[in-house]
Amino acid sequence: MLSEIHEFLGCRTPQAWVDAALADQETMLVDHKNCEFKAASTALSLIAKYCTHADLINMMSRLAREELVHHEQVIRLMKKRKIELRPLSAGRYASGLRKVVRNHEPVKLVDTLVVGAFIEARSCERFEALVPHLDEELGAFYHGLLKSEARHYQGYLKLAHQYGEAEDIARTVEKVRAVEADLILSPDAEFRFHSGVPAA
């Protein structure tokens, strides 16, 4: 599954990002908590918007529950490590990907699902990059999350193919892949879980 994800993504996480994450694990965990909540919120928004799509509703309902459990798990981990809850501005990553989404249906839904697949795939790849360098507790937790993110990536992509045309999806994947890789490899002013290379 990891080899499939590496192939799907346009690049690997730069070592400079890994170094920044290890140096600021507090911000990493706060933003990770926020990401899990946003993932659940996105799933619920899709259920509300596409209320006649039974397969989408079933998958997104399960995904939202799972992401909220992860959100709670990160909060418990933060409490154990005496990391305070604090507001943190959103990074540029998700909004940068959403710019690729077309505005008319049914391709808006399909593009949104492809973007979701990329976010989940990148999360999985980032967990993989971090796990070997973390303490035993956090490493084990992130290794477990890696598997669920891989499953979510597959689910998003499967739904995209269910509601879209294969050739159109292939073009969208290429387009999103290029934008996503640029967001990951270009300098980023602030460190976040999905940020690019730390600006000097």
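This predicted model contains zero disulfides. A disulfide is a covalent bond between the sulfur atoms of two cysteines. The cut-off applied to a pair of cysteine sulfur atoms is 2.5 Å. For C11, the nearest cysteine sulfur belongs to C124 and lies 14 Å away, so C11 is in no disulfide.

The next topic is helix packing. Two packed helices are described by the angle between their axes and the distance between the axes. Helix α2 spans residues 15-23 and packs against helix α6, residues 107-130, at an angle of about 70°. Their axes are 10 Å apart. At that angle, α2 and α6 count as roughly perpendicular to each other. On the α2 side the contact is made by W17, V18, A21 and L22, and on the α6 side by R126, A129 and L130. Sorted by class, the residues in this contact are six nonpolar, one charged and no polar.

Which residues of α2 are buried? They are W17, V18, A20 and A21. Viewed down the axis of α2, these buried residues fall within an arc of 165°, and therefore line one face of the helix. An α-helix has 3.6 residues a turn, so residues three or four places apart point the same way. The buried residues of α2 pack against α6 and also against α3 (25-49) and β2 (197-198).

Methods. Residues are numbered from 1 along each chain as its sequence is written. This is a predicted model: local features need pLDDT of at least 70, side-chain atom pairs count only at pLDDT 80 or more; totals for chains, interfaces and linings use all residues. Side-chain values use heavy atoms; hydrogens and water are left out. Axes are lines fitted to C-alpha atoms, for helices over the stretch in contact, and angles run from 0 to 180 degrees between N-to-C directions. Helices (H or I, at least four residues) and strands (E, at least two) are DSSP runs, numbered from the N terminus. Angles under 35 degrees count as roughly parallel, over 145 as roughly antiparallel, 65 to 115 as roughly perpendicular and the rest as oblique. Contact means heavy atoms within 4.5 Å. Ala, Val, Leu, Ile, Met, Phe, Trp, Tyr, Cys and Pro count as nonpolar, Asp, Glu, Lys and Arg as charged, and the others, Gly among them, as polar. Buried means under 20% relative accessible area, exposed over 50%, partly exposed in between (1.4 Å probe, protein chains only). The arc is that of the directions from the helix axis to the C-beta atoms.
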